[in-house]
Amino acid sequence: TPVTLPAIQAVVDDVTSRWQNAPQVGVIQSFAQLPADAQADLTARGIDSVRAVRDRRNKVWLVAEGITGGDEARRLLFHEVIGHTGVEGVFGSREEFETFALRAAQRHATTALGNEIRSAYVEANPLTIGKEVMARLAENPEADPTLWQSIVAAVRTWARQVFNIEV
């Protein structure tokens with residue numbers, strides 16, 4: 001059974017209270033309460049139900065009606081913020097990130113992870129599939145250690161270029 005909205009809000013408050021520069025996070029009851037642009041973006045991709053999403057302004061939304069507990073709420077928040085915003089943010093350019101995401105989608109064209117994502121996002125394009133592959137690897141690098149090491153290498157390259165340091 002789904003957990004209540006106040007219980008999910010308590011999890012978000014707990015996490016963000018210990019997080020300097022925490023992103024904006026909203027907790028809502030249903031898909032219908034998402035901002036109109038987020039709903040439009042999702043429905044254009046054939047998605048009419050989500051548990052978590054990041055909108056065009058990088059605000060993360062957790063949708064209570066699909067979340068079964070506090071641990072799931074924490075994992076979903078991690079997935080959206082670290083897996084999507086974090087991983088996307090450390091590539092040198094949007095084009096570089098999208099090229100990498102498309103390679104991730106191609107690499108997982110026939111894997112269990114790729115099949116799981118395609119069944120969840122039925123009308124998603126390869127770029128969306130690749131972004132989701134990369135976000136899920138941020139949660140579970142063991143799902144594809146080789147691809148994860150490529151992501152880590154990209155982060156290190158970014159750190160060298162931006163901060164002029166070796167990591």
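Here are a few notes on this predicted model, point by point.

1. Some ground rules. Because the model is predicted, local features need pLDDT of at least 70 and side-chain atom pairs count only at pLDDT 80 or more, while totals for chains, interfaces and linings use all residues. Residues are numbered from 1 along each chain as its sequence is written, and side-chain values use heavy atoms, with hydrogens and water left out.

2. Start with the inside. The largest nonpolar core has 32 residues; such a core is a set of buried Ala, Val, Leu, Ile, Met, Phe, Trp, Tyr and Cys residues joined through side-chain atoms within 4.5 Å. L34, V50, F91, V133 and M134 have the most contacts inside this core. Two or more residues come from each of α2, β3 (60-63), α4 (94-107), α5 (112-120), α6 (126-139) and α7, and α6 gives the most, with six. Helices (H or I, at least four residues) and strands (E, at least two) are DSSP runs, numbered from the N terminus.

3. F91 is a handy place to look. Leaving aside neighbours within four places in sequence, F91 is in contact (heavy atoms within 4.5 Å) with E96, F97, F100, M134, A154 and W158. Apart from the core of point 2 lies another, of 15 residues, including V11, A52, V60 and L77.

4. Next, D37, in helix α2 (residues 36-44). D37 counts as buried because its relative accessibility is 17%; buried means under 20% relative accessible area, exposed over 50%, and partly exposed in between (1.4 Å probe, protein chains only). Beyond four places in sequence, D37 is in contact with R56 and R57. Its side chain makes a polar contact with the side chain of R57, at 2.9 Å (a pair of N or O atoms within 3.5 Å; within protein, one must be able to donate a hydrogen and the other to accept it, and residues adjacent in sequence count only if both atoms are side-chain atoms).

5. Most residues other than glycine have a negative phi. N21, not a glycine, has a positive phi of about 60°, and N58, also not a glycine, has one near 65°. N21 is in the loop between α1 (5-17) and β1 (25-28), and counts as exposed because its relative accessibility is 73%. N58 sits in the loop between β2 (52-54) and β3; at 38% relative accessibility, N58 counts as partly exposed.
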